[in-house]
Amino acid sequence: MPAPLAEPAFPDHAQVKTVAMLPSSLPPLPTPPALPLLPSPHLLFLGDISEPGYAKTAFGLRDWAPQRCIGEFRCAGGTVSAGLPAMTPQQAAARGARSLVIGVANAGGVIPESWIEPLLQALHAGLDIISGMHVRIASIARLREAADALGRQLIDVRVPPPGIAVATGAPRSGKRLLTMGTDCALGKKYTALALARAFAERGVDVDFRASGQTGILIAGRGMPMDAVVSDFAAGAAEMLSPAAAEDHWDVIEGQGSLFHPAYAGVALALLHGSQPDVVVICHQPGRRHMLGYPAYPLPSIEDTIALALQLGQRTRAGIRCGGVSLDTSQLDPASAAALLDSESQRLGCAVADPMRGGPAFEQLLRQCLG
């Protein structure tokens, strides 16, 4: 897992601003550089959501940066919990919190009116607000005016650099692995983080490349792919995973799904721009339709592999599937092990749950590394 962010260094008197997480530089920058240091510990804000799939930012920070998470805060009507101590902003500030992180990634990345009062409460408690939503928090007048009056910061992390180049499609050195999925919010980020950590533990020269707001907050760098203008998205993926030494691996966090009615574009841009040698397909057993799109059934794992390889060959002729990652968190250990084994037999490749580890994950690692 990538090293935690260092202790925050934002001064308390900093003026309100939208912080661009990446510089306004064009390639050939080797990689998007590290973020400005963010104020922590964090209070994770879960809004009023009732769908756990929309809380992936909170869950990701809880699981991969727990040392920076002090508690959680929900609106009235919210039913999703990250399992952290429930706190008001005032209580969190009294226990040392320095920021509230919006832990929700809802459809469209919007900030509903029902959140404004709780966010104002956080500002009045002395917390900065960190957001990965599409809507810029500094564009909301009530929040901007309150932050200005109180000397607090409104920090957006979903801000791509200006001037990203159109993709070249030119082959480049190094090895790359991209996680892809049958849908959104079913383990692409966790799989990439787990694979990158396991590669490093085996002495492989590796970087985790974050492509979404949660991964960027965890890793301290990355490219918010779904905020890039579509014509330049494949170029952003090239910038995210640049040429490297022949034995170096970039493990790239995937986004969306090639089959998704709304988010297929970002998945295809990542596939073409990253030019992966290996793809790992992620799936959640039991999910029948696209999250939030009940009229669209999930594609099969086999169809997802086939389409990924067909489209990926456009920019990487030797692309192959390293295996399948299943989210078996809803199953007991025995049932999960049986499912992993049966799916491996059925599909003829490694099938593992990276969060469970074990022999199945070891096989996935071997197949990915070739």
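Buried means under 20% relative accessible area, with over 50% counted as exposed and values in between as partly exposed (1.4 Å probe, protein chains only). In helix H1, the buried residues are Thr57, Ala58, Phe59, Gly60, Leu61 and Trp64. Helices (H or I, at least four residues) and strands (E, at least two) are DSSP runs, numbered from the N terminus.

This is a predicted model, in which local features need pLDDT of at least 70, side-chain atom pairs count only at pLDDT 80 or more, and totals for chains, interfaces and linings use all residues. Residues are numbered from 1 along each chain as its sequence is written, and side-chain values use heavy atoms, leaving out hydrogens and water.

**The sheet**

Five strands form an open sheet in the order E2-E1-E3-E4-E5. Their pairing is parallel; two strands pair if DSSP finds at least two bridges between them. Strand E2 (69-74) and strand E5 (154-156) stand at the edges with a single partner strand each, so one side of each has no neighbour in the sheet. On average, neighbouring strands are turned by 25 degrees against each other, direction ignored. Strand E4 (residues 128-131) runs parallel to E5, and three bridges join them. Ser131 has Asp156 in E5 as its bridge partner.

**Helices on the sheet**

Contact means heavy atoms within 4.5 Å. Axes are lines fitted to C-alpha atoms, for helices over the stretch in contact, and angles run from 0 to 180 degrees between N-to-C directions. Helix H3 (residues 116-124) packs on the sheet and touches E1, E2, E3, E4 and E5. H3 makes about 155 degrees with the direction of E3. Helix H1 (residues 56-64) lies across strand E1 (42-47), E2 and strand E3 (99-102), at about 150 degrees to E1. The cover over the buried residues of H1 includes E1, E2, E3, H5 and helix H6 (213-219).

**Helix pairs**

| Pair | Axes | Angle |
|---|---|---|
| H1 and H5 | within 11 Å | roughly 20 degrees |
| H5 and H11 | 11 Å apart | about 80 degrees |

H1 is therefore roughly parallel to H5, a term for angles under 35 degrees, while over 145 is roughly antiparallel, 65 to 115 roughly perpendicular and the rest oblique. In H1, Lys56, Phe59, Gly60, Asp63 and Trp64 meet Lys189, Tyr190, Leu193, Ala194 and Arg197 of H5.

Helix H5 (residues 188-201) packs against helix H11 (residues 358-369). The angle makes H5 roughly perpendicular to H11. H5 contributes Ala194, Leu195, Ala198 and Phe199 to this contact. H11 contributes Phe361, Leu364, Leu365, Cys368 and Leu369.
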